[in-house]
Amino acid sequence: MTSFDLLPGAERSPVILHVPHSGREIPADVRAGIVLDDVALERELDHIVDAHTAELAEMAAGLVRTTPWRFVNRLSRLVVDPERFPDGREEMLAVGMGAVYTRTTHGKELRPADTDPEPLLSRYFRPYARAMTDAVAERLAVTGRAVVIDVHSYPSAPLPYELHGDGPRPPVCLGTDPFHTPPELLAAAREAFGEVGLDSPFGGTYVPLEFYGREPRVSALMVEIRRDTYMTEPGGPPGPGLHRLAQALAALVDALESPDAWFRR
């Protein structure tokens, strides 16, 4: 299967809805390197997957005036996590959850600690990063700007792997970056989602490294939605809250694509 999909939007749209953690699929050869039995693996997927976020982005894309682009990871983050640093800069290495995980959400062994990450980085991580970089570069070339909206979810109660799980857990957490999240983008998200918090329990946002801290025309925001607001935890079906959140996400996209948007530079 394809590791990821770039789903085209309107040519004039600068917005990319990035959905990196919604998948459950694990190729058979990758599954062979995971030590959990099938029952334990399914339970781990229930905890770690941002369930229904691809559906959320799809619903939002169908509600807007100008269709955004969508970049969707079709594989589980247990294959590789495309949003981690692939080297020692990654703080989640402390809990065995760098770009290639060796521990579970509850600190149990997922892969042997001495697993060589390079084959998975080469096969999955780097092609994903290159494709996302190219997608952002194309939006810059065509529209003069790019806005990456990172679509995630998180559990209502902290899991043991969380490094910053003792802070607030609002219905919607907005992850920001001091360079790539200007105040106007944050204000648009507050207007769209209503009750939000900032950078707790998860902070930051995703920008391809080629542009990170260098290209002010690339704006970015992470939208982390608390799972009990739209689904049965862990790993259960969505509820009516999913449509309400899709409407909110669509309102944000519409604000960002307006001809009078703040970031027309």
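Me: Is R130 buried, partly exposed or exposed, going by relative accessibility?

Reply: The model is predicted. In it, R130 has 43% relative accessibility, so R130 counts as partly exposed.

Me: Which residue forms a salt bridge with R130?

Reply: Start with the general idea. Side chains of opposite charge can pair when their charged atoms come close. Here the partner of R130 is E210. Their closest N and O atoms are 3.4 Å apart. R130 lies in helix α4 (residues 118-143), while E210 sits in the loop between β6 (196-198) and β7 (218-226). The pair therefore ties together parts that are 80 residues apart in sequence.

Me: And E210, buried, partly exposed or exposed?

Reply: E210 has 41% relative accessibility, so E210 counts as partly exposed.

Me: How many salt bridges does a search of the whole structure find?

Reply: The search gives 17. One of them joins the side chains of E162 and R169, at 2.9 Å from N to O.

Me: Are E162 and R169 buried or exposed?

Reply: Both residues are buried. The cut-off for that is under 20% relative accessible area.

Me: Which residues do salt bridges with shared partners join into one network?

Reply: R24, E42 and D46 are joined that way.

Me: Now helix packing. What describes two packed helices?

Reply: Two values do: the angle between the axes and the distance between them. Take helix α3 (residues 53-61) and helix α6 (residues 241-257). They pack at an angle of about 55°, with their axes 8 Å apart. That angle makes α3 oblique to α6. Angles of 65 to 115 degrees would count as roughly perpendicular, and those under 35 degrees as roughly parallel.

Me: In which hand does α3 pass α6, left or right?

Reply: The crossing of α3 over α6 is right-handed.

Me: Which residues meet where α3 packs on α6?

Reply: From α3 come E55, L56, A57, M59 and A60. From α6 come L242, H243, L245, A246, L249 and A250.

Me: How does the contact of α3 with α6 divide by class?

Reply: Nine residues are nonpolar, one is polar and one is charged. E55 is charged and H243 is polar in this scheme.

Notes:
Residues numbered from 1 in each chain as written. Predicted model: local features only at pLDDT ≥ 70, side-chain atom pairs only at ≥ 80, totals over all residues. Heavy atoms only, no water. Axes fitted to C-alpha atoms, helices over the stretch in contact; angles between N-to-C directions. Helix = DSSP H or I, 4+ residues; strand = E, 2+ residues; numbered from the N terminus. Parallel < 35°, antiparallel > 145°, perpendicular 65-115°, else oblique. Left-handed = near helix turned anticlockwise from the far one by under 90°. Contact = heavy atoms within 4.5 Å. Salt bridge = Lys/Arg side-chain N within 4 Å of Asp/Glu carboxyl O. Buried < 20%, exposed > 50% of the residue type's maximum accessible area, 1.4 Å probe, protein only.
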